[in-house]
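The entries below follow the order in which I went through it.

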Amino acid sequence: MKLLRYGQPGAEQPGILDNEGHIRALPADFTDISGEGLLPASLDKLRQLDVNALPRVEGNPRIGPCVGQVGKFVCIGLNYADHAAETGAEIPQEPVVFNKWTSAICGPNDNVEIPRGSQKTDWEVELGVVIGQGGRYISEAQAMEHVAGYCVINDVSEREYQIERGGTWDKGKGCDTFGPLGPWLVTADEIPDPQNLSMWLEVDGRRYQNGSTRTMIFTIPQIISYLSRFMSLQPGDVISTGTPPGVGLGQKPPVYLRAGQVMRLGIEGLGEQRQLTVQA
């Protein structure tokens, strides 16, 4: 299933994509694509629906973030060996963990705001993993049982704030609009091998990133198991799993975003995003 949320910010409604690419409204008793709505039993209930019998959403509504009421937005840094190399970093021995604030979350095609005073706003296409069944101390062998689905994420980053201003990475990662999610949440049963998905990102039509989840250092089961040692994972939590090479920081010389540019990015089977950059 391809689940999505459509409508104005803060008033999104849950929907599902039919086989022809049309949005269908979900029944009123399914209030949102969030929390308990992502548990295995809830998703199984949705699979029983006759999608083509659901009301078709007319027009061209805004697509919101594909997960609502996100509790935690946890990210893994330097998780592609070739990306670590382009930034001059050593291959990490354990996953590098940081957070994006949930206030950074926006729709996949919403404008991305360049923070006031920013000179080094950058892009990162990433595979998002959405937790269904929560848990603690999850084994790698059972980790995939906790995945509700996958989505595209643009881990927008301000490199000066992240690297040059002291402290942790978080303040360069969590600015408003720095977390576009979607366009849809593709349930895990539709993605047989999430470790073999092509991914790409363009700025103004120039392809900068062209990679694959094959080159992850830490796999999805390893990441889920690792994180669950330090926190309980809960339904609707989002994990962003790292980016392949081609970020602006890695260009020679570095290239950063400015207002008025267009980012396009996508992951095989998970759809595409498009964002216009604007000045905050």
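**Asp32 and Gln69**

I began with Asp32, which, once its neighbours within four places in sequence are left aside, is in contact with Arg5, Pro14, Gly37, Gly68 and Gln69, contact meaning heavy atoms within 4.5 Å. I note that this is a predicted model, in which local features need pLDDT of at least 70 and side-chain atom pairs count only at pLDDT 80 or more, while totals for chains, interfaces and linings use all residues. Residues are numbered from 1 along each chain as its sequence is written, and side-chain values use heavy atoms, with hydrogens and water left out.

I placed Asp32 in the loop between strand 3 (23–25) and helix 1; helices (H or I, at least four residues) and strands (E, at least two) are DSSP runs, numbered from the N terminus. Is Asp32 buried or exposed? Asp32 is buried, with a relative accessible area of 10%, where buried means under 20% relative accessible area, exposed over 50%, and partly exposed in between (1.4 Å probe, protein chains only).

The side chain of Asp32 makes a polar contact of 3.5 Å with the side chain of Gln69. I used the following rule: a polar contact is a pair of N or O atoms within 3.5 Å, of which, within protein, one must be able to donate a hydrogen and the other to accept it, and residues adjacent in sequence count only if both atoms are side-chain atoms. Gln69 lies in the loop between helix 1 (40–47) and strand 4 (73–77), and Gln69 is exposed, at a relative accessible area of 67%.

**Backbone entries**

I then went through the backbone angles, with the reminder that most residues other than glycine have a negative phi, and most peptide bonds are trans. Gln69 has a positive phi of about 50 degrees although it is not a glycine. Tyr137 also came up, with a positive phi near 50 degrees; Tyr137 is found in the loop between strand 9 (125–131) and strand 10 (147–154) and counts as exposed at 58% relative accessibility.

Which peptide bonds did I note as cis? The bond from Gly182 to Pro183 is cis, with omega near 20 degrees, and Pro183 has its place in the loop between strand 12 (179–180) and strand 13 (185–187). The bond from Lys252 to Pro253 is cis as well, with omega near 0 degrees, and Pro253 is found in the loop between strand 16 (238–240) and strand 17.

**Strand 14 and its partners**

I looked up strand 14 (residues 198–203) next and found that 5 of its 6 residues are buried, so strand 14 is largely enclosed by the rest of the structure. Strand 14 pairs in the antiparallel sense with strand 15 (residues 206–212) over 6 bridges, two strands being paired if DSSP finds at least two bridges between them. In this pairing Met199 stands opposite Gly211 in strand 15, and in the hairpin of the two strands, which has 2 residues between the strands, Asp204 takes a positive phi near 50 degrees. Strand 14 also pairs in the antiparallel sense with strand 17 (residues 262–267), over 5 bridges, and Trp200 stands opposite Gly266 there.

**Nonpolar cores**

Of the 48 residues in the largest nonpolar core, Leu127, Tyr150, Ile224, Ile239, Ile267 and Leu270 touch the most other members; such a core is a set of buried Ala, Val, Leu, Ile, Met, Phe, Trp, Tyr and Cys residues joined through side-chain atoms within 4.5 Å. Leaving aside neighbours within four places in sequence, I listed the contacts of Ile267, among them Leu127, Val152, Leu197 and Met199.

**Salt bridges**

How many salt bridges does the rule give? The count comes to 20, a salt bridge being a side-chain nitrogen of Lys or Arg within 4 Å of a carboxyl oxygen of Asp or Glu. Asp237 forms a salt bridge with Lys72, the closest N and O atoms being 2.8 Å apart, and this pair links parts of the chain 165 residues apart. Asp237 is buried, with a relative accessible area of 1%. Glu124 forms a salt bridge with Lys173, at 3.3 Å between the closest N and O atoms, and both residues are buried.
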